[in-house]
Amino acid sequence: GFGTSGKSFTAGIKEKNFNGNGVGLDTNFTIGTNSIQGAINFQIPNYKYSDKSLNGDLSRTDADFLSTAGYKNKLNKASLGTSFEQRENFYFSPNITLEYEKLETSSTASSNLKKQEGDYYNINFEYGLFYDQRDQSYATTEGYYSSFRQEVPLYSNSYSLVNTYEYKVFNQISEEMIGSISFYAKAINSLGDKDIRVSERINLPGKKLRGFESGKIGPKDKTDYVGGNYASAVTVATTLPNFLPDLQSIDFGLFIDAGNVWGVDYDSNLDNSSKIRSSTGFTIDWLTPIGPLNFVLSQPITKNSSDVTENFRFDLGTTF
């Protein structure tokens, strides 16, 4: 993968019917601009004929964000869970996750961040609720989905509760235009007397707020973008008629994004919650013989003085 956000190399093996038993097995190794990750996961779709899937995952991630967020970490993770349709179109997916993290901060980080260096152990109960009323999951033209996910700490060095909610509705405007409105919100709150550690703090995904560099908006501690306790985003978008009918694998679109990242539990003076970031722009998605190609031309409408804007973004191959 290659793009304005960085580079990545991924290799892996995926098997949908491992050992002839219908087991899905996926192993992969990824080298990115700021991280190295290896993972192996499995899925048994109909475990012991129960109409419930059994899922497992083992992963290791080494990430270096010293230049942008003032920290680097090594995270080992193992999870085991299930997923099933509780009622028609309503899905429930609980799992147990074990984590070990080693966190280091930069020499120039603030004293509050330096206090967070060390080893962390977590056992979390996570569950997701997903209600799907789309006409189809791929190339949706009508309907909506609603998704909620919560991470509850069972054992931790620093207990924190994570809630994530996402809603998206689709409407067919014309034969060639599909409109959509989406809402995204995420919050992490400490359940004890310790601050949320920097590696768990929240940033908006790059696709939720285009026109800004990913991870470079919101609270800033000295030179480090430390993320927030809260994040939210709204997107209004529509596909456009194909201006190049000879190319059937190309899609055009327009969007308006608005979002914010705020909340600093260890220093309220760093918070800038009153500033909503917003942008508008044009997108091109093209499925080429060498992989998916994505272009984003965007113009920020409102921003904070410390934000890093991005008028042009492209990705070829694996997205970032």
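1. About 30 Å³ of space lies in the second largest cavity of this predicted model. A cavity here is a set of points on a 1 Å grid over the protein atoms alone where a 1.4 Å probe fits but cannot get out, and lining residues have an atom within 4 Å of a point. Its lining consists of Glu-166, Ser-182, Phe-183, Tyr-184, Lys-208, Ala-233, Val-234 and Thr-235. Strand S11 (177–190) and strand S14 (230–240) each give two or more residues to that lining.

2. The largest cavity holds about 60 Å³ of space. Among the residues lining the largest cavity are Asn-203, Pro-205, Phe-212, Glu-213 and Ile-217. By class, the lining of the largest cavity has five nonpolar residues, four polar and one charged.

3. There are 12 salt bridges in the structure, a salt bridge being a side-chain nitrogen of Lys or Arg within 4 Å of a carboxyl oxygen of Asp or Glu. Arg-313 pairs with Glu-310 at 2.7 Å between the closest N and O atoms. Arg-313 is buried at 8% relative accessible area, and Glu-310 is buried at 11% (buried is under 20%, exposed over 50%, partly exposed in between, with a 1.4 Å probe and protein chains only).

4. Arg-197 and Glu-200 form a salt bridge at 3.5 Å, N to O. Arg-197 is buried at 2%, whereas Glu-200 is partly exposed at 24% relative accessibility.

5. Residues are numbered from 1 along each chain as its sequence is written. Local features need pLDDT of at least 70, side-chain atom pairs count only at pLDDT 80 or more, totals for chains, interfaces and linings use all residues, and side-chain values use heavy atoms, with hydrogens and water left out.

Methods:
1 Å grid on protein atoms, 1.4 Å probe; cavity = no way out; pocket = protein on both sides within 12 Å on 5 of 7 lines; lining within 4 Å. Points joined across faces, edges and corners; volume = space filled by probe spheres on them. Nonpolar A, V, L, I, M, F, W, Y, C, P; charged D, E, K, R; others polar. Helix = DSSP H or I, 4+ residues; strand = E, 2+ residues; numbered from the N terminus.
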